[in-house]
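This briefing concerns the structure shown below.

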Amino acid sequence: MTKLKKLLAIITASALTLSLAACSPVKEAAPTASKQALNFGAMSSVDAAVLVIGNEKGFFKKEGVEVNLQTFKNSKDRDAAFQAGNLDGVICDEIAISLYQNANFDVKITGVTNGDFMLIASSKSGIKSVNDLKGKSVAISEKTSIEYSLDKILEKNSIDPKDVKKSIVPAIPTRLEMLRNANVDAALLPEPFASLALKDGGILLGSASGINVYSSVTAFTQKAIDSKSSEIKAFYKAYNDAVDYLNSTPVSEYEDIIIKSVGYPADMKGKLNLPKFRKNALPKEADVQSVIDWTVKNGLVKKTLTPKDVMNDIGIK
């Protein structure tokens, strides 16, 4: 009988324990913090195509990051928005990065893009090669990656940049019109303006990519890198997925999106000549040092900078 009483006591105690457990609140897993949105600025150019496709085809959404892409008609407006804190990152150039750093605006190169500048001569100029540019006028934007690219193309062909007349024309559409009207002998142009100039009979003399100059980069502020690291990593994962899509999909399936976003005229449909897009990577330190040296030589930067000061590998980790 004693054994029976002990057994009943154990059963009763167990039942009570289970009852109390059932009545006690269930501890829920802490909710996963949602990613913050990234505000990103870019000019309307071919290197923005990856970002546009990333949004349009849902690659950013798949990685759980919202990218608010803002496009600008000129670098002045982009820089104003960037420095006002309205953007976390931008597509810009290595010269701009050095200028930001010189002004104590801490921005880091986090990748390179497929942007390019093409040196194109007017069909009426009689120019057939870079060597014909001595004493001729070339339309550029001053103290920018465009001027840097021109200098490097000339030097590659053993021409002193001082032997060319640099015509300062910041607005790219105006630069194209001046070339069309033979108001300048040549011009350095990005896409889609370069394609339009060639379509009009312009003569291609060289390009930034042809001498391994990175005409544009992606960059984020150090503040964004510190506070939105998981979002930036997701951004670049989606970026690389968008690159895979662009490189493996017929242009006809997405050219309407590119024409609209980049600014190609409608009659370019079926004629787009897009580059093979590259997955995210950092430029070589030697190339970045070359840019820094140029900015110092031209009196643009007083601060002592090294490639490590202006780059961050968050986009390739």
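How many nonpolar, polar and charged residues are in the lining of the second largest pocket? That lining has 6 nonpolar, 7 polar and 5 charged residues, where Ala, Val, Leu, Ile, Met, Phe, Trp, Tyr, Cys and Pro count as nonpolar, Asp, Glu, Lys and Arg as charged, and the others, Gly among them, as polar.

The model is predicted, with local features requiring pLDDT of at least 70 and side-chain atom pairs pLDDT 80 or more, while totals for chains, interfaces and linings use all residues. Residues are numbered from 1 along each chain as its sequence is written, and side-chain values use heavy atoms, with hydrogens and water left out.

**Overall architecture**

- The protein chain contains 13 helices and 10 strands; these are DSSP runs numbered from the N terminus, helices being H or I of at least four residues and strands E of at least two.
- Of its 317 residues, 49% count as buried, a class defined by under 20% relative accessible area, with exposed over 50% and partly exposed in between (1.4 Å probe, protein chains only).
- Among contacts in the protein chain with a separation of 6 or more, 78% are between residues 24 or more positions apart; a contact means heavy atoms within 4.5 Å.

**Pockets**

- The largest pocket holds about 1000 Å³ of space. A pocket is an open set of points on a 1 Å grid over the protein atoms alone, with protein on both sides within 12 Å along at least five of seven lines, where a 1.4 Å probe fits; lining residues have an atom within 4 Å of a point. Grid points are joined across faces, edges and corners, and the volume is the space filled by probe spheres set on the points.
- Its lining comprises 44 residues, of which M43, N74, S75, R78 and I172 are the closest to the centre.
- Elements giving two or more residues to this lining include strand 2 (67-72), helix 4 (75-83), helix 7 (172-180) and helix 11 (255-263). Helix 4 gives the most, with 5 residues.
- By class, the lining of the largest pocket has 20 nonpolar, 13 polar and 11 charged residues.
- The second largest pocket has a volume of about 350 Å³. Its lining has 18 residues, and the closest to its centre are N114, G115, D116, S209 and R278.

- The largest nonpolar core has 47 residues, and I97, L119 and L133 have the most contacts inside it. Such a core is a set of buried Ala, Val, Leu, Ile, Met, Phe, Trp, Tyr and Cys residues joined through side-chain atoms within 4.5 Å.
- Helix 6 gives the most to this core, with 5 residues.
- Leaving aside neighbours within four places in sequence, the contacts of L119 include V130, L133, L150, I153, I203 and L205.
- A second, separate core has 39 residues, among them I232, A238, V243 and Y245.
- Helix 6 is largely enclosed by the rest of the structure because 9 of its 12 residues are buried. The buried residues are S145, I146, E147, Y148, S149, L150, D151, I153 and L154.
- The end C-alpha atoms of helix 6 are 16 Å apart, which agrees with the 16 Å that its 12 residues should span at 1.5 Å a residue; the expected span is 1.5 Å times one less than the number of residues.

**Backbone geometry**

- Most residues other than glycine have a negative phi, and most peptide bonds are trans.
- The peptide bond from E191 to P192 is cis, with omega near 5°. P192 is in the loop between strand 8 (186-189) and helix 8 (193-199).
- A182, which is not a glycine, has a positive phi of about 60°. This residue lies in the loop between helix 7 and strand 8, and A182 counts as partly exposed at 36% relative accessibility.
- N212 also has a positive phi, near 60°. N212 lies in the loop between strand 9 (203-207) and strand 10 (217-221), and is exposed, with a relative accessible area of 60%.
- S158, which follows helix 6, has a positive phi near 60°.

**Individual contacts**

- S45 lies in the loop between strand 1 (38-43) and helix 2 (49-56) and counts as buried at 12% relative accessibility. Apart from neighbours within four places in sequence, S45 is in contact with E191 and V262.
- D241 is in helix 10 (residues 229-248). D241 and V50 are 191 residues apart in sequence and 9.2 Å apart in space, C-alpha to C-alpha.
- D241 touches F59 and E63, not counting residues up to four places away in sequence.
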